[in-house]
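Have the sequence and the 3D view open as you read.

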Amino acid sequence: MNLTSFSFPYLVAPLCSTLSTTITTTTRCKSVNSIAIEGRNLNFSFTARQTKDVPVLRDCSIRIPSGQFWMLLGPNGCGKSTLLKILAGLLTPTSGTVYVKEPKSFVFQNPDHQVVMPTVDSDVAFGLGKINLADDEVRSRVAQALHAVGLSDYMKRSVQTLSGGQKQRVAIAGALAEACKVLLLDELTTFLDETDQVGVIKAVRNCLDTSEEVTALWVTHRLEELKYADGAIYMEDGKALKLKWHDWKAAT
């Protein structure tokens, strides 16, 4: 499926509830005790050469419950990646307020921009250098993070021998090793083959299923990936729009 095959006139509710202010707990959704990600009335513009300011986000508001896997989708140029970078702190909104539970991690679309060390275990441990941890604790965190993304057997492998999807999972493991509460994931399956696409998204789903401490927001163009999510947000023209649950179910 692609976005042009279905009209999204609304924003999304949690996928396991009706559209309401109360999220119902089911076998899929976890109970909501807090909000992990919130943006209120966000606006963002950039100045193009010899032109006036060009708006990218327009009074955009979102709320993501803690411990859930949500997706952010919409056509090219709608503001998805800009919103994700604002949530990550890589861009500053023109106006509006942002709250994201700390620590947080932004995982890039291209894993070669983030996976930098020669072996899998050294790359996952790289970010822990800024934390004063005993060697045993570092090894434990690395092992647990690699297990969460299904790469326990790859610990001593050279990063250069990995597929694109495996590199993405190493990048996710690095964020988990740092005990990140929020994963901000920018179109991780864009350059991957079908096998790697499924491997990466299942790795994220597994991370959330095994820990109520982790929340993920995943930017995607692929409607078929929504079946792994607890909820989703559709963006259009810089705004977050609402999708009714029964309409979303019919689309997928």
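Asp237 sits in the loop between S8 and strand S9 (239–241); helices (H or I, at least four residues) and strands (E, at least two) are DSSP runs, numbered from the N terminus. Although Asp237 is not a glycine, its phi is positive, about 55°. Keep in mind that this is a predicted model, where local features need pLDDT of at least 70 and side-chain atom pairs count only at pLDDT 80 or more, while totals for chains, interfaces and linings use all residues. Residues are numbered from 1 along each chain as its sequence is written, and side-chain values use heavy atoms, with hydrogens and water left out.

Asp59 is another non-glycine residue with a positive phi, near 50°. Asp59 belongs to strand S2 (residues 53–65), and it counts as partly exposed because its relative accessibility is 47%. The scale runs like this: buried means under 20% relative accessible area, exposed over 50%, and partly exposed in between (1.4 Å probe, protein chains only). There's a cis peptide bond to look at too: the one from Glu102 to Pro103, with omega near -10°. Pro103 is in the loop between strand S4 (95–100) and strand S5 (104–107).

## The whole chain

Stepping back, the protein chain has six helices and nine strands. Of its 252 residues, 47% count as buried. The chain exposes about 12,300 Å², with carbon and sulfur atoms supplying 50% of that; accessible areas come from the Shrake-Rupley method with a 1.4 Å probe, and for residues only the protein chains shown count as cover.

Now for contacts, meaning heavy atoms within 4.5 Å. Take those in the chain with a separation of 6 or more: 76% of them are between residues 24 or more positions apart.

## Helix H1

How many of the nine residues of H1 are buried? Seven are, so to speak, under cover, and the helix (residues 80–88) is mostly covered. The buried residues are Lys80, Thr82, Leu83, Leu84, Ile86, Leu87 and Ala88. After H1 comes Gly89, which has a positive phi near 85°.

## Aromatic pairs

Searching the whole structure turns up two aromatic pairs. Rings of Phe, Tyr and Trp (its six-membered ring) pair if their centres lie within 6.5 Å; planes under 30 degrees apart count as stacked, over 60 as edge-to-face and the rest as tilted. Phe69 and Trp218 have ring centres 5.9 Å apart and planes at 75°, so this pair is edge-to-face. Because Phe69 lies in strand S3 (residues 69–73) and Trp218 in strand S7, the pair ties together parts that are 149 residues apart in sequence. Phe69 and Trp218 are both buried.

Phe106 and Phe108 also form an edge-to-face pair, at 5.0 Å centre to centre and with 75° between the planes. Phe106 has 10% relative accessibility, so it counts as buried; Phe108, at 33%, counts as partly exposed.

## Glu225 in its loop

Is Glu225 buried or exposed? It counts as buried because its relative accessibility is 5%. You'll find Glu225 in the loop between strand S7 (215–220) and strand S8 (231–236).

The Glu225 side chain makes a polar contact with the side chain of Thr220 at 2.5 Å. A polar contact is a pair of N or O atoms within 3.5 Å; within protein, one must be able to donate a hydrogen and the other to accept it, and residues adjacent in sequence count only if both atoms are side-chain atoms. Leaving aside neighbours within four places in sequence, Glu225 is in contact with Met71, Thr189, Ile201, Trp218 and Thr220.
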